[in-house]
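Subject: Structure handover and notes

Dear colleague,

Here is the structure we spoke about, followed by my notes on it. Please read them with the coordinates open.

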Amino acid sequence: MLKPLLQYRGCLTPHLPHLIPIGIKSAINSQSSSTFRHRTFCKMDDKIALDKAKNLAAQAAVDQWVTEETKVVGIGSGSTIVFAVERLAERVWKEGALADMICVPSSYQARKLILDHNLTLGDLDRNPKIDVYIDGADEVDSHMVLIKGGGGCLMQEKIVASCAKKIIIIADYTKKSLRLGEQWCNGIPIEVAPMAHVPVKLKIEELFGGQAMLRIALKKAGPIVTDNGNFLLDWKFLAKREYNWDEVNRAISMIPGVLETGLFVDMASKCYFGMADGTVKAQNK
């Protein structure tokens, strides 16, 4: 009885003639490890390339649109906006410019970025008129319709953006599409009151097809909760269907329980895309 138990616990190795020879096993393990490392490095290289592209777009936008005459800047949310805030801080603290600039955040993340870089924090109560709002996007189509809200901040982003004279979008080259759904496959985020998420889901699917799914958290039980205490639906629309996004946005916004959509229609003034070859491409409204 002792031998099978020890064998089960790994203390003894049974003699099995059909086992792969040690040399071959080592080669296989070495090859698997090498493949894993190669894939890991590829992913890291991809991320570095995308971060460089984001940084290029952010620097171009900040340098062109934030001048000494710019008093209030709206700060968006997401991974790309980090580079914009870094450039703003560089101009304030290293170059001694933009001394009177106030930054209005669109999320808790944006607020923390502003404070971490020792920039002047504002809010819409005291700064309801914004000179320029800079933000990223999950996707931008050829008509400058945006999908935003992959990070869950769409409602506050749209509120702050609506107060700005100019809305400038910064993104890497993977966010540029001819039509929505070409690059971004996670659907259009829709912020909803928690009690309404099922009726809203059914109504959207009835009106426009596709599937609206409640966004579930990865490291907590249950759904994602926004900065405003609401739920998010991600509507995966029919990719091959032609949509009038202005009409879709208006119709969804009118459904009781919908607080905001991640469709930004006719809002962006200009988009900057950092490209893989190190250049920056601008898209005008």
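Which residues have the most contacts inside the largest nonpolar core? They are Val66, Ile75, Leu88, Met101, Leu119, Ile134 and Ile170, in a core of 27 residues. A nonpolar core here is a set of buried Ala, Val, Leu, Ile, Met, Phe, Trp, Tyr and Cys residues joined through side-chain atoms within 4.5 Å. Buried means under 20% relative accessible area, exposed over 50% and partly exposed in between, with a 1.4 Å probe and protein chains only.

Before the rest, the basis of the values. This is a predicted model, in which local features need pLDDT of at least 70 and side-chain atom pairs count only at pLDDT 80 or more, while totals for chains, interfaces and linings use all residues. Residues are numbered from 1 along each chain as its sequence is written, and side-chain values use heavy atoms, with hydrogens and water left out.

Overall

The protein has seven helices and 14 strands; these are DSSP runs numbered from the N terminus, helices being H or I with at least four residues and strands E with at least two. Of the 285 residues, 42% are buried. The accessible surface comes to about 16000 Å², and carbon and sulfur atoms hold 58% of that (Shrake-Rupley method, 1.4 Å probe; for residues, only the protein chains shown count as cover). Among contacts (heavy atoms within 4.5 Å) with a separation of 6 or more, 74% are between residues 24 or more positions apart.

The element that gives the most is α3, with seven residues. Val66 is in contact with Ala61, Val73, Leu88, Arg91, Leu98, Met101, Val132 and Ile134, leaving aside neighbours within four places in sequence. There is also a second, separate core of 24 residues; Ile147, Trp184, Val192 and Val248 are among them.

The seven-stranded sheet

An open sheet of seven strands has the order β3-β2-β1-β4-β7-β13-β14, with mixed pairing. Two strands count as paired if DSSP finds at least two bridges between them. At the edges are β3 (120-121) and β14 (280-284); each has a single partner strand, so one side of each lacks a neighbour in the sheet. The pairing of β3 with β2 (residues 102-105) is parallel and has two bridges, and Cys103 has Leu121 in β3 as its bridge partner.

Helix α5 (residues 154-162) lies across β1, β2, β4 and β7 and runs at about 145° to β4. Axes are lines fitted to C-alpha atoms, for helices over the stretch in contact, and angles run from 0 to 180 degrees between N-to-C directions.

Strand β8

In β8 (residues 188-192), five of the five residues are buried, so the strand is largely enclosed by the rest of the structure. Ile188, Ile190 and Val192 cover one side, and Pro189 and Glu191 are on the other. The strand runs antiparallel to β10, with five bridges, and antiparallel to β11 (residues 258-261), with three bridges. Pro189 has Asp234 in β10 as its bridge partner; for Glu191 the partner is Glu260 in β11.

Aromatic residues

Seven aromatic pairs were found in the whole structure. Rings of Phe, Tyr and Trp (its six-membered ring) pair if their centres lie within 6.5 Å; planes under 30 degrees apart count as stacked, over 60 as edge-to-face and the rest as tilted. Trp235 and Tyr243 are edge-to-face, at 5.7 Å centre to centre with 85° between the planes. Trp235 and Trp245 are also edge-to-face, at 6.3 Å and 70°. Trp235 belongs to β10 (residues 231-236) and Trp245 to helix α7 (residues 245-253), 10 residues apart. Trp235 is buried at 0% relative accessibility, as is Tyr243 at 11%. One aromatic cluster is formed by Phe208, Trp235, Phe237, Tyr243 and Trp245.

Asp141

Asp141 lies in the loop between β5 (139-140) and β6 (146-147) and is buried, with a relative accessible area of 3%. Not counting residues up to four places away in sequence, Asp141 touches Ser177, Leu178, Arg179, Leu180, Trp245 and Gln283.

Regards
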